[in-house]
Structures are given as structure tokens and as C-alpha cells.
Amino acid sequence: MLSEMRTFVLFAEEGSIQRVAERLPLTQPAVTRQIQRLERLLGFELLDRRLKPPTLAPLATEALARCRKVLAAYDEFTQMARQREPEGMLRLGVAHGIAGSALAPIIRDLRRRFPNVMLRLITGWSQPLSEQLARGNLDAAVLLSAEVVSHRLSILGKEYLSIITASAETAGKADGSIAEAGWILSPEPCDARRLLASAMVRRGQALQVVAEVQDSGLQLALVREGLGLSLLPRRFLERAAIPGIAALEDADDLRLVLDVQMQRSPHLRLLDPVVDILAQAIGVQLGDGER
């Protein structure tokens with residue numbers, strides 16, 4: 001009924017069905033139907049159609065004043081709802097690989113901006129986190145994926161993965177060849193590992209895992225000791241040198257790239273702005289596009 005009231009108020013301002021149709025925008029027949037629906041609800045005519053163009057009927061003046069009051073009250077109510085400060089618990093899932101120390105300043109800024117919001121962070125692999133979100137156990141999740149797994153998601157950026165090996169000073173410890181070397185990888189269902197496995201299949205090569213290691217620090221240490229190759233987000237290598245670690249030079253054809261996705265519940269309500277700010281901050285951290 002609110003849309004019918006707005007259409008009637010606009011007609012009183014414009015005095016023309018055509019101009020109302022242009023402002024909404026609607027077709028002229030649609031504008032006429034809305035006014036007719038309001039007349040049926042009120043039980044009397046609002047327009048004197050004996051005149052061309054129609055003018056307000058005798059009872060329309062009082063109806064117009066009441067419609068304006070109702071619309072003003074509704075607008076005031078919705079404005080109050082929009083201005084309400086976010087509060088409550090935000091249950092956030094963050095995929096391994098994104099849930100590193102670089103996330104800490106983002107969370108700090110988020111807490112300062114929204115002091116009435118408490119964060120409950122859960123880390124894990126993307127697929128189980130997505131399933132928890134679907135079951136209602138999470139409110140939002142930052143995931144890594146090479147595919148679109150939900151229509152309620154936004155792409156925050158790209159995670160470009162580098163294949164790493166022992167650097168020049170320790171290169172004698174390991175065979176740096178992708179075809180021959182073993183791999184030090186996180187256990188399944190690691191998002192990066194699944195992407196690498198698919199790329200190796202396309203290459204016609206087997207993925208030889210010599211060690212499954214959850215801890216990223218231990219992974220780096222084993223690579224540094226020459227026990228095999230591993231994967232690391234390229235942004236880590238670009239921001240600072242990692243002692244004893246280097247990117248493998250002959251791996252360009254693999255092009256390992258994951259989307260960083262934000263999935264969210266449709267029932268966030270007041271917490272929606274918090275998730276928006278979080279998504280924006282992570283997108284800035286990732287950078288724009290391939291460097």
C-alpha cells in the first residue's frame with residue numbers, strides 16, 4: 001500500500017500521470033492502476049476523471065494529508081533503523097591462508113569502529129567453512145576457491161600462489177624440478193593443494209607428497225632444508241624476503257590462482273555493515289589484480 005500512497009502523492013505534486021510515470025519510473029497504465037488500487041482500499045475516488053487531465057476529487061485533499069503523514073512516519077522509522085549501531089555476535093569463518101597475522105590489524109580496526117560487536121573467529125578449510133555457513137553455524141566466511149560455490153558471495157580479490165624452493169645458498173639440498181621433486185603440503189582438503197593437484201594432472205605429472213604439515217612455519221623450515229617444494233601466497237614473497245626461501249622460476253605455466261570470496265548469511269541485518277567493512281579491508285590488503 002505504501003507504493004500506491006507514494007504514487008498518489010506524486011500525482012498531487014505533478015498533476016500529470018505522464019510526469020509521475022517518468023519520475024518513478026513506471027508506465028502510465030501502471031501509475032493509473034496503483035491509484036485505482038488505493039481508491040478501492042479507501043472506498044472512494046481520489047481523482048475527478050471527468051476533467052482532462054484528471055484533478056483531485058473532493059475527498060482527496062484529506063486523503064493526501066494522511067498519506068503524507070504515513071509516508072513521513074515510515075521514512076522516519078526506516079531512517080532510525082539504518083542509523084542503529086551494529087551490535088551482537090558476528091560468527092566469522094576465515095580460511096587457512098587468509099587467517100594469518102596480517103588479519104590482526106584488520107580485526108583491531110573493526111573492533112575500534114564497532115565496539116558493540118563481538119567477533120567469534122573460526123579458522124579452517126574453505127569447503128567445511130562454507131558448509132557451516134549453509135547450516136547457520138556462521139554468519140559470514142572468507143574463503144579461498146577456484147569456483148563459485150554460492151550465489152551470495154562477493155570476490156574480494158585474487159590469491160596468487162608461488163611455488164617455493166630452497167634459495168640459492170641452500171639450493172644444493174633439493175632437486176628444484178617440479179617433475180621430480182616431492183611436495184610439502186597441508187593436509188586435505190587444503191584449497192591450494194586441490195588447485196595444485198588439478199594443475200599437475202593437466203601437466204600429466206603426479207603430485208608426490210613427501211610430508212603433510214599443517215603448520216606453515218614448519219612447512220617453510222622443511223623447504224629450507226631441501227626436503228621438497230611447497231606453496232606460498234605471492235604477496236608474502238613480494239613484501240619481504242624470507243630467509244632460505246625462493247620462488248621457483250620455471251613454474252609460470254601452472255598459474256595457481258584462487259579467488260578470495262566473502263560469503264554471508266542472508267540474515268545479518270545490523271551486522272551487514274560490519275561485514276562490508278571487513279570485506280573492503282581484506283580486498284585492499286590483497287591488492288587489485290595480478291601484479
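Started with the second largest pocket: its lining splits into 6 nonpolar, 5 polar and 4 charged residues. My classes: Ala, Val, Leu, Ile, Met, Phe, Trp, Tyr, Cys and Pro are nonpolar, Asp, Glu, Lys and Arg are charged, and the others, Gly among them, are polar.

Note on the model: it is predicted, so to speak of local features I need pLDDT of at least 70, and side-chain atom pairs count only at pLDDT 80 or more, while totals for chains, interfaces and linings use all residues. Residues are numbered from 1 along each chain as its sequence is written, and side-chain values use heavy atoms, with hydrogens and water left out.

A pocket here is an open set of points on a 1 Å grid over the protein atoms alone, where a 1.4 Å probe fits, with protein on both sides within 12 Å along at least five of seven lines; lining residues have an atom within 4 Å of a point.

I found 15 lining residues, with Leu144, Ser145, Ala146, Glu147 and Arg194 nearest the centre. H7 gives the largest share, 5 residues. Helices (H or I, at least four residues) and strands (E, at least two) are DSSP runs, numbered from the N terminus.

Then the largest pocket: about 660 Å³. Of its 32 lining residues, His96, Gly97, Ser216, Pro233 and Phe236 sit closest to the centre. Strand S9 supplies the largest share, 4 residues. I sorted this lining into 17 nonpolar, 11 polar and 4 charged.

Terms used
Points joined across faces, edges and corners; volume = space filled by probe spheres on them.
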